[in-house]
Amino acid sequence: MEKSLFRYIWTHSKRDQMIICAVVLASLPFYFMSLDLPRQIVNQAIQGEAFRDGNPTAPFLNLSFDWPGWLGGGGSWEIFEGFQVGRVGLLMGLSFVFLFFVIVNGAFKYWINVSKGVLGERMLRRMRFDLFSMVLRFTPDALRTVKSSETATIIKDEVEPIGGFIGDAFITPVFLGTQAITALVFIMVQNVWLGLIALSVIAVQFTIIPRLRRELLRLGKQRQLASRQLAGRIAEVLDGIEVVHVHNAYGWERAEIGHRLFNLFTIRLKIYNRKFFVKTLNNFLAQLTPFFFYAIGGYFALRGTLDIGQLVAVIAAYRELPPPLKELIDWDQQRLDVQVKYDQVTQHFAEDRLGPLLESREAGEADQPLTGSFVGEDIRIAGPHGDLIIEGGAFTIELPTSVALISNGGAAASMLARILARRSLEFSGRIRIGERDLTQLPMAVTGHRIAYAGVDPILFPGSIRDNLVYGLRSKPLGRLKEDRQEMDRRIAEALRTGNPIESISDQWVDYERLGAKDENELDRILLDLLDKVGMGDTIYLFGLAGRIDPERHTSLAERLVEARHRLRDTFQSNGMADLVEPFDPACYNSQATIAENLLFGVPISDEFKGRNLADNAQFRDAIDRAEMTDDLVRMGLQIAETMTEIFEGLPPGHSLFEQFSFIGADELTEFEAILRRRGRGEGSLRREDRTRLLSLPLAYIEARHRLGLLDDAMTGRIVEARGLVREVLEKAGSAGVEFYDPEGICSAAPLRDNLLFGRVSYQVANARARVAEAVAAVVRELNLQEEVERVGLEYQVGTAGRLLSPQERASVNLVRCLVKRPDILVIDGALAPFDEARSQQLMQLLLDLLDQQSLFMVLPNDRQAGDFDVQMRFRDGQIITDKTAAPAPRPSMPEPDAPQRIAGEVA
Amino acid sequence: MTLETEVQSLRQVPMFRDVDPARLKLLAFTSERVQFAGGQRFFSQGDPSDAAYVILDGRASVLLNTPGGDIQVAELGSNALVGEMGILSDTPRSATIMAAEPTTALRIDKRVFLELLAQFPQMSLAIMRELAKRLERTNAQLVAQSSS
C-alpha cells in the first residue's frame, strides 16, 4: 500500500476526481450569480433604482458587458438587450431568476454529492480488496502475531471512514475553498473593510482550531488501537471459551473486559470534551463576524457610505461563508483523522509482514506429474528456538512410492513433511523432483499436485460438499449463464476497482481432471471416498435429516412418494403398522403435537414456529373462527397446573426441565402468577395470559405427555379446524407454512419425514430402531441410497466444522485431499482423532488408493512402517532412508459388511 | 390410560408406596409408556441396564439363560417393578424379561430416575426403606433355609 493516503487516492481515482472538480468549477458562476441576485432584487426592484429616472419600464435579462479598462475601456458590448418590464414585473422576474439559480445550484450539488459517494464506495471496495489480498500474503512469521479478529475489524470497520473521506479528499477543499473565496471576494467587492474583518476572523479560526485539534488526533489513534484490541480480545475469549468454563475464569475475564471498556470510555470522554470545546470556540468565532458586520456595516450604512442593499448582500454572502469554512475546517480535521487511521492500517499490513505477490494462476509448462527422482541435498532445518534439527541431511527416493517418516518423538519428521508439502520454506538446501526445484514450483502446480493433511482439519462453514471440492477450485473454467447486462456492469465495476472479474457462480470445479462428466458423477466420487474412509453411514443419516430441494434432487423428489408408499406397504405386511402413525388429512395424529395437527404442515418462517405460533395473528384468527381458542386456553391452564405441581421443588436449570417440561424453569413463576390470578377469580384472563396459556397445548403430544387432555370430540374438532387454518393462511397469502400433501413432497420437512410421512409411535417399544431399519431397507431396495447420501453432502458443517465430530472433520479433510488425486499426499497427524484400529485401516486404505502416486506419512514409531516402501528416520540431525526389504504384501481392504447395516435413529 | 392411572399403578409398587404423590406424578411424566408385543423382549440378560419398567397391563416372563436354553423362573403381572436393581447397582441385566402377551409398561429411564433420587431425598429414603425390607426378608429366608 502507498505510504500516503493522498497518493493512494490520487493514483486510483485521478480521472474521477478531476471530472468532479471540473463540474465543481463549472458550478461556481451560477453560485456567484445566486449571491448577487438578492442585491439586485432589493436595490433595483424594491427600492426602484432601475426606475430612478422616471422610466416606467426597465430592461430585464439584459446581457451586456462593459469592456474592462485594460482593453481600451469605455465601450460596452450588448448580447441581448432584454425585455422591458414594469416594477412588479422586474421584481417577479428577478425573483424567478433567483429561484432558477437555486434549482441549478441544487442540481449541481446533487450530482456532485452522488458522484463523490460513488467514488468513495469504489475506492473503499478497492481498498478492502487490496487489504484482503494482503491478508492472503501474510508470512508464517507474521501469522504468529496477527490476530484474525483484529484484521477483520480493520478491513470491515476501520477503513470505512477512510472510504467515506475519499470522495471528499480533493473535491471538498476545491469546492468549499472556491465557495469561500467567491463569497469572500464578493464581500471584498462590496466593501473592502468588511471583507478584511471577515478575512481576519477566518485567519484566527484557521490557526487556532487545528492546533487545538492536534490532541484530538492523538486520542483518536489511542481509541482506534484500544477498540481494535477489544475486538481481538472478545474473539479470543470466544475462541477459548472452553478454557474459561473449565477454569471458571468468568470473574477474571469480566474484569479484564470491564477494564478495557473503562479505558476506552476514558479515552472517548477526553475526545468528547475536547471536541465540543473546539466546536464551541469555532462557533463563537464564526458568530463574531456578523457582530462586526452589524455594528460596523450598520454604522457605515447610517453614515451613508454603504447602501443598505450592499449591507444585506454582504450579510447574505457572509451567511454563505461560515458553512463552507466550517466544513473546510472539518475536512481538515477529517483529513488528519483518516491519515492517522490509514497509517494504523498500513502498519498492520507492513511490507515486512507480507510474502511475495501471489501468482496462483499460471501453471504453464511446469505442470508435469511430480514423479522421478526426489532428491534432497544438504538440508538444514532449524527449530523454533534456533536449534538445528536437521543438519546436512540428504535423501534420494524414486517417486512414486510410499514413505514412512518415522518421528520417534522428534520434531524432524513433521517439519520435513511440512517442507515437502510446501507448507514451510524455512530450511536451507536443495530439494528437487526430477529437474525441478521443489521450492520454485508455482503454486498452481503444488496446489494441484500436492496435498497435505495436518493435525488440524480446517473446514470452512458451508456444506460438506463445499468443503470436499474446495481443493478443486483453482480457477474458473467456464461461465455459467448470467444476465448479460448485469455481468457487464459487474465486470466493469471490478475492473474499475482492481477486483477480480471472476464470479463465484462460474464453474470452478474441473470435472474432467477427476474423470467425472458432471456434478452428479463428482458426487458419486465423493460419496465413494467418504464411504471408504468410513463416513458412509453418517452421510446417509445426514441425508435423512436433510431437506430436499425438488429443483436440485429431481430424481429423488420424483421417487420419494413411491418410496413413501413402499414403506407403508412394508409396515403393513410386516405387522409394523402400529409403529408409525401416518399423516392423514382426515385423522388426528396422536403422535404429533396439537400445533402440527392444526397446521398439518411444516412452518417455514419463524413466526409460525414454536411458541411464536400462539402469537401469530393469522393463526389466532383461524382458531378463533374454529371456536377453538377457549378450549386450547383451558388445556393450557390444565397443563400449567400439572406442570407447576409436578415440577415444583426442582431447582431452576435442572436438566429435567429442559427435557420434559412445557415450561422453562424461569417461566414457572409467571405461570404460577397466572394461575393465582385466575384462582382469585379476577374475572377473565388477560390477553397476554391467554396467549401464553395458548402456547402450552400447541406443543402437547397426547401419546407422549399422557395428560388426558384430548378426547375424540376434541381431536375431531382439531381435524376440522385444519381446513380452516389452511384457508385463512392461504387467503392471507402467507408463505409461512408448507402444508403436507400425501402425494407430494414437503420440502420444508426433513427427508426422513417425507419418507415416513408420519410420526414414529412413542408407545411401541423399540419403535425407532425398527423403523430405521425398515427405512434403510426400502431406500436400498429402491436404489435411493446414493440420492439420500447426496442430500447428506449438503449437511452444513458449521463454523470451523464444529457441527461435525473430530473424526468426521478428519474424514472430510482426508477426502478433500484424496479427491484432488494428488501426485504427492503428505499425511502428518491427520489420523490422530481415530482409534488405533481405525487409523490402521485408514492407513492401509491410503496405501491402496495411492499405489500409483506417492504417499508421505508421519508415523510415531516404526511399528506400522513395514507397509511402506521406504522408511525415513532421523538421527543426530541426519536423514536415513531405508528401502523396506520386502514390503509386506498389502492385505486387500476388508470388504465392507454387506448388506450394510445402517445404524441410527430415523425420527 | 392417562398420567393419573399410571400414578395409581406406581402407587401399588411397594418401592414407591411412600413417595409424595407430586413426585410420583413427575416420575410418571418423565417416563415413557411403551407397548411390547407378545414375545418381545424388554431386555436381555447381559444388556447394560438403562431403564426400569413398571408393568401397567399384561404379563411378562423372567427368563434365565442357562446352558440348556432359557428357563422361566418367574412371571410378573400388573404393577410389578422390574429392572430397578440393575439401574441402582449399575450392573448388567441379570435376567431376560419377555412379554408373555401384549404388554404395556412404564419405562423409567435410568438417568432420570437417578436424578430424581438425587434431587428428592424423601424419594431416596423411600427406596432405601424398601431395599432394607427386602434385605430383611432375604435374611429371614436364609435363616429359615439354614434352620430347615
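## Terms and basis of the model

A crossing of two helices is called left-handed if the near helix is turned anticlockwise from the far one by less than a right angle, and right-handed if clockwise. The crossing of α20(A) and α26(A) is right-handed.

The structure is a predicted model, in which local features need pLDDT of at least 70, side-chain atom pairs count only at pLDDT 80 or more, and totals for chains, interfaces and linings use all residues. Residues are numbered from 1 along each chain as its sequence is written, while chains are lettered from A and ligands numbered from 1 in the order in which they are written.

## Domains of chain A

Four domains are assigned in chain A: domain 1 (5-353), domain 2 (373-458 + 822-883), domain 3 (474-508) and domain 4 (556-766). Their bounds come from an automatic or database domain assignment. Taken over C-alpha atoms, the centres of domain 2 and domain 4 of chain A are separated by 58 Å.

## A four-stranded sheet

Chain A has an open sheet of four strands in the order β6-β5-β8-β9, with antiparallel pairing. (Strands are DSSP runs of E with at least two residues, and helices are runs of H or I with at least four, numbered from the N terminus; two strands pair if DSSP finds at least two bridges between them.) The edge strands, β6 (388-399) and β9 (436-437) of chain A, each pair on one side only.

Five bridges join β5 (residues 372-382) and β8 (residues 428-433) of chain A in the antiparallel sense. A:Arg380 stands opposite A:Ser428 in β8(A).

## Helix packing

The axes of α20 (residues 617-625) and α26 (residues 712-731) of chain A come within 9 Å and cross at roughly 140°. (Axes are lines fitted to C-alpha atoms, for helices over the stretch in contact, and angles run from 0 to 180 degrees between N-to-C directions.) α20(A) and α26(A) are therefore oblique to each other, a class left over once angles under 35 degrees count as roughly parallel, over 145 as roughly antiparallel and 65 to 115 as roughly perpendicular.

The axes of α5 (residues 171-190) and α6 (residues 192-239) of chain A come within 5 Å and cross at roughly 145°.

## Contact with chain B

In chain A, 15 residues are in contact with 17 residues of chain B, contact meaning that C-beta atoms, placed from the backbone, lie within 7 Å. On the side of chain A that touches chain B, α21 (629-646) and α22 (655-660) of chain A are the elements that give two or more residues. The largest share, three residues, comes from α22(A).

Notes:
Two residues are in contact if their C-beta atoms, placed from the backbone, lie within 7 Å.
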